[in-house]
Amino acid sequence: MSNDISPEISIDNLGHEDRHFAPSPEFVAQANATPALFEAAKADRLKFWEDQASQLAWDKKWSQVLDWQLPFAKWFIGGKINAAYNCLDRHVLEGRADRVAYYFEGEPGDTKVYTYGDMLKEVSKAANALTEIGIKSGDRVAIYLPMIPEAAIAMLACARIGAAHSVVFGGFSADSLVARINDAQAKLVITSDGGYRRGAAMALKPAVDEAVKSTPTVENVLVVKRTGQETAFGAKDIWWHEIVDRQSDKHECEFFDSEHPLFILYTSGTTAKPKGILHTTGGYLTQTAFSHKMVFDIKAEKDVYWCTADIGWITGHSYVVYGPMINGTTQVMYEGTPDTPSKARVFQLIEKYKVSILYTAPTLIRTWMKWGVEFPNSCDLTSLRLLGSVGEPINPEAWMWYREVIGGNRCPIVDTWWQTETGAILISPLPGITHTKPGSAMGTLPGIVAKVIDDEEREVGNGGAGYLALTEPWPSMLRGIWGEPERYAETYWSRFAGKYFAGDGAKLDDEGAIWLLGRVDDVMNVSGHRISTTEVESALVSHPAVAEAAVVGAKDEMTGQGIVAFVILRGGIEHHEGEVLNKELRDHVAKEIGPIAKPRQILVVNELPKTRSGKIMRRLLRDVAENRETGDATTLADPNIMKLIREGLNSGKSED
Ligand code: WTA
């Protein structure tokens, strides 16, 4: 791990920011969150979390709030709860069956509306089907679907019967799917024939067919018919509509222990093997519901909320499925890309469904900025009353544009910091309280304790920069890495003894507001997606032409960071085939990991800069990738190497 605190990100974000935006008196008067929350959490943190847990429906109340055997936490011990019951049955039993849960809009323009009553029926049928297939409490089910209602239905059906879901983003390759299925030993894969993206039916099932050749634990594949495209069908395959549609729409759910596994979600770490982040039930549901209600100021009777995240990421789990559904929220779910059929698509949907709360990522906001104001300006966006951002630091310029052009200068912006591991938002403004600053996530939510510390674990204080660490356990924290307890302790709890190290750099400004500075480890953030440098490096060296590879994340106007790879070719491979080889290598990475991991640039070099102990000095490569003067290179084994790399680059560069 490098010690430097992402210099490339910090330079930009550390500029002095004087602008403050106070919430309007009208917003304050109606806000869910009031300063009393902070007082309650400060007075008695555990009691505060107990109060939040009490908002959920429990079959049996817990006997102990927290058992903390560092680094292993248990919350609401002895409690019994069902996630799907809290998301569905409860609303129907309390008279909210007719409220819309999802307005689904397919990319081709097909629509479907699901009320909470409909969702309960669909999830019950799916739960009965899973039981018929032989899935039981404690099993793992892999879900590999596009952004369609069946994705949420499948997740909730698993939760209902106590099977842990492992959702794999539909953009990942067959090889990535194999690794995730085998690690979790999933018995079933739920997928679809395909989904619509950029105006075409994109097949998904072939990747599953390829994957299941190498996944001995998979007994069946359940296939949703979405596009109707030609689909090969084998002995393990079952059509969703053939088994689910004939089930009873009643399902009596069982209640599980508060610490029963709810899901595993794989995320990139600093090695090539993704980490299976494990979340359990009671604490996770408590904190996702609480944060959703307070950060987004949800008024479930009237708001229409749209989180644009895919179900394959943690944001889709916590803020498209569990948090919003527990709060009885009406949501928009959109299958496709924001530029199909026109660059105004998202804005047209905001107008059509009168969306009042929009939660999206900085990379999309910057894309909209590039496309131009004519697209948002062509639609009526006055239904919006609150805007959110997640996934990477949002640059002040994009924040201001979001506020002015999308929010009409009237909507508070919540820049929410959190991670797959944290389960829920931990750092964010509260919209009726916080005076926001463009680009800052501002402060911790009630009940959360975070510190910015230096290498010696000293708090940096206002005006200082360092590492973000969490010093107290929280209910929705990860419970571990699936099957790898030592890796869990080592990755998160060893850098600073007894503290959770998030992997992010942060700065406190003069007023104590928190500014996130990006990753300080070997994890890149491309369009808000975490990809490890090592993962891409090992994909590259698995190609026969590559002897060695070093990958860095370089600043990118649109995607936050772009992947730049430096490769040394094996002897005998001709470098003058440059363009062909570059394309082949990029396609190879897409095949190994998925198109999101394709390097933006591949640079062929003869040597890599290494320390005397053989560690690659990525910092210097980042300087090259970002066209900067090379920084301090005194620890290089061969001081001439950077000059040679720069000179050699003119011939090996490729970009598209
Ligand atoms: C980054 C996504 C700055 C950060 C929810 C973190 C952010 C990683 C923000 C987690 C934000 C997320 N400001 N950086 N508001 N939100 N990040 O697990 O580097 O996909 O560690 O979870 O994204 O990414 P993950």
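Predicted model: local features only at pLDDT ≥ 70, side-chain atom pairs only at ≥ 80, totals over all residues.
So, E335 and R226: both of these residues are buried, and by buried I mean under 20% relative accessible area, with exposed being over 50% and partly exposed in between, using a 1.4 Å probe and protein chains only. Their side chains meet in a salt bridge, 2.7 Å from N to O. For that term, the rule is a side-chain nitrogen of Lys or Arg within 4 Å of a carboxyl oxygen of Asp or Glu. E335 lies in the loop between β17 (330-334) and α13 (345-353), and R226 in the loop between β11 (220-224) and β12 (237-239), so this pair ties together parts that are 109 residues apart in sequence.

Residues are numbered from 1 along each chain as its sequence is written, and side-chain values use heavy atoms, with hydrogens and water left out.

Okay, back to the salt bridges. How many salt bridges does the rule give? The count comes to 44. Let me show you a couple with other surroundings. E456 pairs with R458, the closest N and O atoms being 3.3 Å apart. In that pair, E456 is exposed, at 54% relative accessible area, and R458 is partly exposed at 49%. Then there's R628 with D623, where the closest N and O atoms are 2.9 Å apart. Here R628 is partly exposed at 29%, whereas D623 is buried at 7%. And there's a network too: salt bridges link D183, K273, E484 and R487.

Now, on to the strands. Which way do the side chains of β18 point? In β18, residues 357-360, I357 and Y359 point one way, L358 and T360 point the other way, and all are buried.

What does β18 pair with? Strand β16, residues 304-307, pairs with β18 in the parallel sense over three bridges, pairing meaning that DSSP finds at least two bridges between the strands. Strand β19, residues 386-390, also pairs with β18 in the parallel sense, over four bridges.

Terms used:
Helix = DSSP H or I, 4+ residues; strand = E, 2+ residues; numbered from the N terminus.
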